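Welcome, and thanks for taking a look at this chain.

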Amino acid sequence: MQRFGRGFRFLSSASVSQRVEWDPTVSLALKHATLILLEKCSTRDHFKQILAQIMRTNLIGQTFPMSRLILFSAITHPENLDMAVLLFHHHTPHPNLYIYNTMISALSLSLNQSFAFYNSLLSSCIYPDRSTFLFLLQASKFLSQVMQIHCHAIITGSFSYGYLQNTLMKMYLENGKMGLAYQVFQQMAAPDAVSFNIMIFGHAKKGHNIEAVKFLHEMVGLGLKPDEFTMLGLLICCGQLGDARLGKSVHAWIERRGLIKSSNLIFNNALLDMYVKCKELRIAQSIFNVIGRKDTISWNTMIAGYAKVGNLEIAHNFFEDMPCRDLVSWNSIIAGYAQKGDCLMVRRLFENMAAENIWPDFVTIINLVSAAAEIGALHHGRWIHGWVVRMQMKIDAFLGSAFIDMYWKCGSIKRACMVFREVTEKDVTVWTTMITGFAFHGFGSKALELFYEMQEYIMPNQVTFVAVLTACSHSGFVSQGLRIFNSMKERYGIEPGVEHYGCLVDLLGRSGRFSEVKDVIEMMPMKPSRSIWGAVLSACRDHGNIEIAEIAGKELLKLEPEKEGGYVLLSNIYATSGRWNHSDKIREIMESRGVKKTAGCSSVVVDGIIHEFVAADKRHPRWIEIRSILFCLKSEMKLGTDFLLEYLQP
């Protein structure tokens, strides 16, 4: 920052003759009459009057009075910050470190101004201290700035200050830079409990649970006592790991030592969250029942917990009993019904939410769209889309990809294309979702066109290649699929994963090129997965290749002996080829291992309600009507066949 010119207001000669010399001994004790008035000031008008008095007595511009004026206007009463900036720029010819720190602290929410004042400080040959760096860290919004401050703190000798080191560790952890945080931690002469808590909590929040536990062991080994913040970090670890046993041990350890008071709402909410994530909902509910003071987070945790495991009746009871619902409450219960595919309830909840003047966010809309996609309810999806358009909500990349996904899953690839073209800022997810839609609808050429068009704007990722290879597989584009697979590493720098090899095996298997399938499986850098052997089995069924089917079936049954898919596929392949003894043998093995075949079912959505049917299912309340209509349809189909045969006869 360029040093600002310092302008001064010159008074009359009479005023100059009455100039008061500043006595630091008196001034620093705040016994000067004007400064005493300043300490009692509470309004902007009074501040202006005191400022005028300081100007009349020619104290303006002297360092200590200016420091008091700037502190008052910038920190004590921040609504006068604009005046503090003016005083600094035009009436403080020799600002000291204290004044600079005051201004940097006051402007910590304004990134550019804080760093501009810091640059001015350096150009004035004033050395920053630890407070300067702490205030600059408050202003930092980017990792690069934090790292620069870190370097400056080392150069100026302020880095050894423990509070500054703790702040740096916290900011590195928040930005996911675990290695840099650990470097700072290692350089600490004597890390205290706060330092360990920052490392434990920071690693736990980012999902590095094992490292967090290691820090706990090191902390205890140094003789430092864990406190409530340590336990919060541990509870987060237990929840993310889903380790109920470890969570119960931590809970018991805390209770035995009486570390946490029963009225500690933050800790109780952390306990609830941990047990909910570990799916120990009965324990979570018992804790919830004994909490004296509950907040919205407590209620939302229970609603979300029961909704995620599909126990919507209890979740809805919590929702109804909740004294004050917020957006998170509505989103949680809507997400539960969306997961179940209950479009009618999702829509009813959404309408009730609007009636209570709770404005939906993108999470709400995504839940609504997901419910429609789950059961293929096109009319419900179109209603949501229409509502979003009417409310003039911006369809960004995130929401756009959700609508595209919903439309192609509901069978309307045309509307999916319309949404795709209307999304102005397309990210890789939007492109990939549209390619996936084309792939599953059999439009292989369209998927390839979009794949190449995409590369004019953005590079594909691993998921994109899964989508385009699937498109090639479903459309029989073997040469194109092979070319794209081989170009992944060479042209795009993407190492093929097991899912890409699975697509390649499916591509070759569908076209009956089993010798190449064997070569691919043998040279894969990883072991074939269940999906790969399943794809091989499916291809063998279509092409009647018993030899390869037996190999694939054995490998699949090794990987998932408890799943019925491999048994059924292999049994059907034997049956198709007339080897009934082998088919029966597979069924016997399946039965001896206690594996049962799940009955396949079809479903239809009528007025938002899913109706499911299995073969010879008579449980539906309107079964007689359905049976009658099916007989009528069958008769009409026969008539149509007879008519066609007569028409074709010479």
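Let us start with Glu351, which is partly exposed, with a relative accessible area of 41%. Keep in mind throughout that this is a predicted model. The side chain of Glu351 meets that of Arg347 in a salt bridge, at 3.6 Å from N to O. Both residues belong to helix 22, and they sit four residues apart, about one turn of the helix. Arg347 is partly exposed as well, its relative accessible area being 28%.

## Salt bridges

Side chains of opposite charge can pair when their charged atoms come close. Across the whole structure, a search finds 10 salt bridges. Three of them are set out here.

| Pair | N to O distance |
|---|---|
| Arg325 and Glu356 | 3.1 Å |
| Arg347 and Glu351 | 3.6 Å |
| Glu495 and Lys489 | 3.2 Å |

What does the salt bridge between Arg325 and Glu356 tie together? The side chains of Arg325 and Glu356 meet at 3.1 Å, N to O. Arg325 lies in the loop between helix 20 (312-321) and helix 21 (327-340), while Glu356 lies in the loop between helix 22 (343-355) and helix 23 (362-375), so the pair ties together parts that are 31 residues apart in sequence. Glu356 is partly exposed, at a relative accessible area of 41%.

In the pair formed by Glu495 and Lys489, the closest N and O atoms are 3.2 Å apart. Glu495 is partly exposed, with a relative accessible area of 48%, whereas Lys489 is exposed, with a value of 51%. The two residues fall on either side of the line here, because exposed means over 50% relative accessible area.

Helix 5 covers residues 63-76. From its first C-alpha to its last, this 14-residue helix reaches 18 Å, close to the 20 Å expected at 1.5 Å a residue. Is helix 5 largely enclosed or largely open? Of its 14 residues, 11 are buried, so helix 5 is largely enclosed by the rest of the structure.

Helix 10 is made of residues 143-155. It has 13 residues and reaches 19 Å between its end C-alpha atoms, close to the expected 18 Å. The buried residues in helix 10 are Leu143, Gln145, Val146, Ile149, His150 and Ala153. They cover an arc of only 160 degrees around the axis, which puts them on the same side of helix 10. After helix 10 comes Gly157, with a positive phi near 80 degrees.

## Loop residues to look at

Which residues have a positive phi although they are not glycines? Lys279 is one of them, with a phi of about 60 degrees. Lys279 sits in the loop between helix 17 (265-277) and helix 18 (281-290), and with a relative accessible area of 64% it is exposed. Asn357 is another non-glycine residue with a positive phi of about 60 degrees. Asn357 is placed in the loop between helix 22 and helix 23, and at 70% relative accessibility it counts as exposed.

Ala189 is in the loop between helix 12 (178-186) and helix 13 (193-205). At 82% relative accessibility, Ala189 counts as exposed. Ala189 and Tyr161 are 28 residues apart in sequence, and their C-alpha atoms are 9.9 Å apart in space.

## A nonpolar surface patch

Ile629, Leu630, Leu633 and Met637 make a nonpolar surface patch of about 420 Å². Met637 is found in helix 37 (residues 623-648), and its 59% relative accessibility makes it count as exposed.

In the span 295-329, the end C-alpha atoms lie 12 Å apart, and the span is 74% helix and 0% strand. For residues 427-457, the end C-alpha atoms are 9 Å apart, with 77% helix and 0% strand.

Methods
Residues numbered from 1 in each chain as written. Heavy atoms only, no water. Helix = DSSP H or I, 4+ residues; strand = E, 2+ residues; numbered from the N terminus. Expected span 1.5 Å × (residues − 1). Buried < 20%, exposed > 50% of the residue type's maximum accessible area, 1.4 Å probe, protein only. Arc of directions from axis to C-beta. Patch = residues over 30% accessible without salt bridge, like charges linked within 9 Å, V, L, I, M, F, W, Y side chains within 5 Å. Areas by Shrake-Rupley, 256 points an atom, 1.4 Å probe, with all protein chains shown as cover. Salt bridge = Lys/Arg side-chain N within 4 Å of Asp/Glu carboxyl O.
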